[in-house]
Amino acid sequence: MSNLLQNTSLLNWDELEERNTSSAPSWELEPVPVIVNPWDVLLCVTGTLMSCENAVVIALIAYTPTLRAPMFVLIGSLAFADLLAGLGLILNFIVTYIIDSGFVMLLSTGLVITAFSASVLNILAITVDRYLSLYNALTYHTEGTVMFTYITLILLWVISTALGSLPVLGWNCLEDESTCSICRPVNKNNAAALAVSLLLVFALILQLYLQICKIAFRHAQQIAVQRQFMTTSHSSSTTKGVSTLTTILGTFAFCWIPLAMYSLVADSRTPVIYTYATSLPAICHSIINPMIYAFRNPEILRSLRIACCWCMPYSFIMRPRTPSDV
């Protein structure tokens, strides 16, 4: 019996010695370095700038009592959507490199899709508002316009939330990597649906702005006929309006159309550099939006000057809208 115990004891000590020599102590194991993609860092920085810039717009509209017209409500909704987009990019960076959870990844992806969808639809709503302000100039400043604006905002945010919830509801490629689009975990069908929707929205915006141009030129011609000539102010106002429309449409097309077209023809097997190259302009569009829709507006710009230097009177009179404001 004692011999058996001795043999067993020796066997246990031999096994322990083998284990100690075959495996290194835990304190000697070096941590695996995490390689951070510079493009992801750039997107995170862009999201931070985007959030700060649009937060300024929201603060100006919220704390200026005179900025309560439907136009400013739509601009505020656009700024809020772009703010959420920036926060979504920051959250996506955290999920990629810090939190390893598929469900959290789906939530962050849904937030980004919801925010950018709302941003695009808000631009469409602003275009409709500008069209109605010229087409129905006599009835534009009524309670009906306010009600229409709030109904439009509710609908566009419901649609955006529905689009953003698709990855969480199953339209993702976490279980089948072969169905991934250029933006994981969005699958090809979801990406194609978003791309086609974006192209349709751009077509609607283009058509509305063409109608706005026709109305603006018609108004200018009527003024010219009444006065037998076109004054310099009306001519420059019309030219300014056309240049503004060109800037809006050109910027939107340059930023969003490449990503939409690339999403239709590419998938996860294509080089990721092309995905970043087409996604970055679309993301930067949310940085450009405040410059086009907010900071070019005289009332918002004046509120910004008041907030920065406090050198101007707080109360000011709303200026009537002209064709150059479209």
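Y131 is buried, with a relative accessible area of 18%, because the cut-off for buried is under 20%. The model is predicted.

**Y131 and its surroundings**
- Helix α4, residues 102–135, contains Y131.
- Beyond its neighbours within four places in sequence, Y131 contacts L208, Q211, I212 and I215.

**Helix α5**
- Helix α5 covers residues 143–165, which is 23 residues.
- The end C-alpha atoms of α5 are 33 Å apart.
- T145, T149, L153, L156, W157, S160 and G164 are the buried residues of α5.
- These buried residues pack against two helices, α3 (70–97) and α4.

**Largest nonpolar core**
- The largest nonpolar core holds 64 residues.
- Inside this core, the residues with the most contacts are I75, I205, F252, W256 and I300.
- Elements giving two or more residues to the core are α2 (38–62), α3, α4, α5, α6 (188–227), α7 (232–265) and α8 (272–294).
- α4 provides the largest share of the core, with twelve residues.
- I205 touches I123, L124, T127, L249 and F252, leaving out residues up to four places away in sequence.

**Cavities**
- There are two cavities of 30 Å³ or more.
- The largest cavity has a volume of about 70 Å³.
- Its lining consists of L74, A125, V128, D129, L132, T145, F148, T149 and T152.
- α4 and α5 each give at least two residues to the lining of the largest cavity.
- Five nonpolar, three polar and one charged residues make up the lining of the largest cavity.
- The second largest cavity has a volume of about 40 Å³.
- N54, V57, I75, L78, A79, D82, N289, P290, Y293 and A294 line the second largest cavity.
- At least two lining residues of the second largest cavity come from each of α2, α3 and α8.
- By class, the second largest cavity is lined by seven nonpolar, two polar and one charged residues.

**Links between topics**
- T145 and T149 are buried residues of α5, and both also line the largest cavity.
- I75 is among the residues with the most contacts inside the core, and I75 also lines the second largest cavity.

Note on methods. Residues numbered from 1 in each chain as written. Predicted model: local features only at pLDDT ≥ 70, side-chain atom pairs only at ≥ 80, totals over all residues. Heavy atoms only, no water. Helix = DSSP H or I, 4+ residues; strand = E, 2+ residues; numbered from the N terminus. Buried < 20%, exposed > 50% of the residue type's maximum accessible area, 1.4 Å probe, protein only. Contact = heavy atoms within 4.5 Å. Expected span 1.5 Å × (residues − 1). Core = buried A, V, L, I, M, F, W, Y, C linked by side-chain atoms within 4.5 Å. 1 Å grid on protein atoms, 1.4 Å probe; cavity = no way out; pocket = protein on both sides within 12 Å on 5 of 7 lines; lining within 4 Å. Points joined across faces, edges and corners; volume = space filled by probe spheres on them. Nonpolar A, V, L, I, M, F, W, Y, C, P; charged D, E, K, R; others polar.
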